[in-house]
Structures are given as structure tokens and as C-alpha cells.
Amino acid sequence: MDTDNAPVVLVEHFIITSSFLKRDVELDIYYPPGFDNTADVSLLLINDGQDLRKMVFENILDDLYAGDTLLPLLCVGIHCSGDRRNEYGTAQILDYKGRGTTALAYQNFVFGELLPFVRKASNKASFKDKSFCGFSLGGLSAMDIVWNHANEFYRVGVFSGSFWWRTVGQHDILFDEDLHRVMHMQVRKGTYKPWLKFFFETGTLDETADRNNNGVIDAIDDTISLIYELQMKGYDRENDIKYVELADGRHDVPTWAKAFPAFLIWGWGQNNFIPDNN
């Protein structure tokens with residue numbers, strides 16, 4: 001590859017003072033090459049944007065654009081607060097320890113402050129489509145927001161998702177995996193939205209816990225179970241759902257960086273169909 005001619009992704013840093021969250025929110029916006037002259041651009045919101053800096057996310061994007069692999073994609077890394085277990089919970093349901101108290105405020109921030117800011121900063125009144133992704137609790141948050149606001153989004157990506165999030169403690173005699181895992185319950189009670197697409201990544205070393213002693217770590221078990229709920233809702237495993245399980249993958253930034261190109265190609269590869277719905 002001629003690196004002198006390789007595309008360069010422009011990164012801009014912003015701070016939004018959020019009235020919903022009552023804090024300053026740091027953002028990194030990653031612009032695709034030729035952004036100003038591109039009419040159709042997709043938007044990807046990314047929780048835990050501070051982790052994108054650790055993986056040098058612009059280099060990942062550069063490599064894909066240099067290979068003419070990726071369609072134009074505006075990426076927005078949203079830095080988390082110091083209170084992730086409240087802000088990145090599920091907006092309508094607290095967990096068994098009462099965590100997730102500011103998840104609704106975070107959701108309101110996304111729609112009421114973040115998206116208007118991104119449209120203004122990028123000088124784009126609308127996008128070809130919008131998607132959301134995140135890591136760990138940030139992945140749970142992304143899934144919760146997309147599932148409950150499906151008319152706004154097309155895809156969701158979850159890396160090492162915290163789908164253990166539950167309303168009853170696992171050591172409580174009443175705990176039932178089929179009843180008390182929050183995201184599984186929301187999918188089970190929700191309605192089928194045929195346009196939604198789902199990407200999930202786990203690593204075989206994501207953790208060591210195996211609460212039901214079935215020989216599968218909880219991170220994988222909870223993700224596979226959620227995929228099953230989506231299939232029962234009507235989603236096709238081949239066309240609507242992509243699952244990547246990394247051998248020796250861990251619950252860390254290097255693992256997510258390794259998986260991220262697969263997510264980007266799955267969602268915005270040059271040969272993929274992208275709907276014009278947002």
C-alpha cells in the first residue's frame with residue numbers, strides 16, 4: 001500500500017454541557033475521507049468513546065478506507081462518566097442493586113442533545129442510517145436504546161455485552177435466568193422490528209464465572225441466550241444477526257479493537273446494502 005496516498009480520517013474533539021446529565025460530555029467525531037463532498041453518510045454512535053483513543057480508532061478506519069472496504073461512516077465516540085453502572089444501565093428497569101438511575105437521563109441526552117449537536121457540528125441535517133454500539137455496560141446501553149427506539153436506528157453492535165444485568169441477584173433463591181435478565185426480558189416482551197440488525201462479540205476469556213455450571217462462561221451464555229430470544233422474536237440468524245466469538249479474547253480494549261473491523265465491514269462494507277431510512 002502506498003501510505004503517502006492513504007486516506008486520513010479527521011478527528012475533532014468536542015465538549016457538550018448536558019442539562020440532562022448535569023455534566024460535561026466529551027466527544028470525539030471521526031470524519032470519513034472526503035466527508036464534505038459526500039452526500040450519503042451513515043452515523044455510528046459509540047459508547048465508551050475514551051476506549052477508542054486507546055485503540056487508536058482512526059488507524060482502524062484509515063486501514064479500511066485505504067483498502068476501499070468501507071462506505072462513508074461518521075463515528076461519534078461518547079466518553080463515559082465516572083458512574084458507568086448508573087448511566088449505562090437500562091433506561092426503564094433498574095438492576096437488583098438499584099443501579100441504572102441515570103440511564104434514562106443518558107437516553108434523553110442522546111436524543112435531545114447529542115444528535116442535534118452532531119447534526120450541527122457535521123453540517124448534516126440527516127444521515128443515511130443511524131446505528132449504536134458499545135463495550136461491556138456500554139454495549140448493554142446501546143442495545144437498550146436501539147431496541148426501545150428502533151425507529152431511530154438500523155444496527156446495534158455489542159462487544160462483551162453486560163447481558164447479566166438482572167432484577168434479582170444470582171444467589172437469590174428466586175433468581176431465574178429466563179425471567180430476571182433485563183435485556184432478555186425486554187426482547188421477549190417486545191415486538192419484532194424487521195429492519196434491525198445485530199452484531200455481538202464475546203471472547204472465550206471474557207471472564208471465568210459460570211453461574212449455572214454448564215461449562216460455558218456467563219458472558220457467552222448470556223449473549224447466546226439473547227440471540228435465541230431474538231430468533232424466537234423472528235430474527236434470522238444468517239441475515240439479521242452476526243456473532244463473533246474470539247478464541248482467547250478478553251474483556252479488554254485490545255480484544256474489542258481486534259473485533260471492530262469485522263463489525264464495520266459487516267455493517268458498512270462496500271458490498272453491503274444500506275437502507276435510506278434516517
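Modeller: Helices and strands here are DSSP runs, numbered from the N terminus. Keep in mind that this is a predicted model.

Colleague: Thanks! Where is the place of Asp 48?

Modeller: Phi of Asp 48 is near 60°, a positive value, and Asp 48 is not a glycine. Most residues other than glycine have a negative phi. As for its place, Asp 48 sits in the loop between β3 (42–47) and α1 (49–54).

Colleague: Does Asp 48 count as buried or exposed?

Modeller: Buried means under 20% relative accessible area. Asp 48 has 2% relative accessibility, so the class is buried.

Colleague: Which loop holds Ser 136?

Modeller: Ser 136 also is a residue other than glycine with a positive phi, of about 60°. With a relative accessible area of 11%, Ser 136 is buried. Its loop is the one between β5 (130–135) and α5.

Colleague: Why is helix α7 largely enclosed by the rest of the structure?

Modeller: Val 182, Met 183, His 184, Met 185, Gln 186 and Val 187 of α7 are buried. Their cover includes α5 (137–148), α6 (177–180) and α8 (218–233). Helix α7 is largely enclosed because the buried residues number six of its eight.

Colleague: Are α7 and α8 roughly parallel or antiparallel?

Modeller: The axes of α7 and α8 are 9 Å apart, at an angle of about 5°. Angles under 35 degrees count as roughly parallel. The two helices, α7 and α8, are therefore roughly parallel.

Colleague: How many charged residues has the contact of α7 with α8?

Modeller: On the α7 side, the contact includes Arg 188 and Lys 189, and on the α8 side Asp 222, Glu 229 and Lys 233 are among the residues. Beside four nonpolar and two polar residues, the number of charged ones is five.

Terms used
Residues are numbered from 1 along each chain as its sequence is written. This is a predicted model: local features need pLDDT of at least 70, side-chain atom pairs count only at pLDDT 80 or more; totals for chains, interfaces and linings use all residues. Side-chain values use heavy atoms; hydrogens and water are left out. Buried means under 20% relative accessible area, exposed over 50%, partly exposed in between (1.4 Å probe, protein chains only). Helices (H or I, at least four residues) and strands (E, at least two) are DSSP runs, numbered from the N terminus. Contact means heavy atoms within 4.5 Å. Axes are lines fitted to C-alpha atoms, for helices over the stretch in contact, and angles run from 0 to 180 degrees between N-to-C directions. Angles under 35 degrees count as roughly parallel, over 145 as roughly antiparallel, 65 to 115 as roughly perpendicular and the rest as oblique. Ala, Val, Leu, Ile, Met, Phe, Trp, Tyr, Cys and Pro count as nonpolar, Asp, Glu, Lys and Arg as charged, and the others, Gly among them, as polar.
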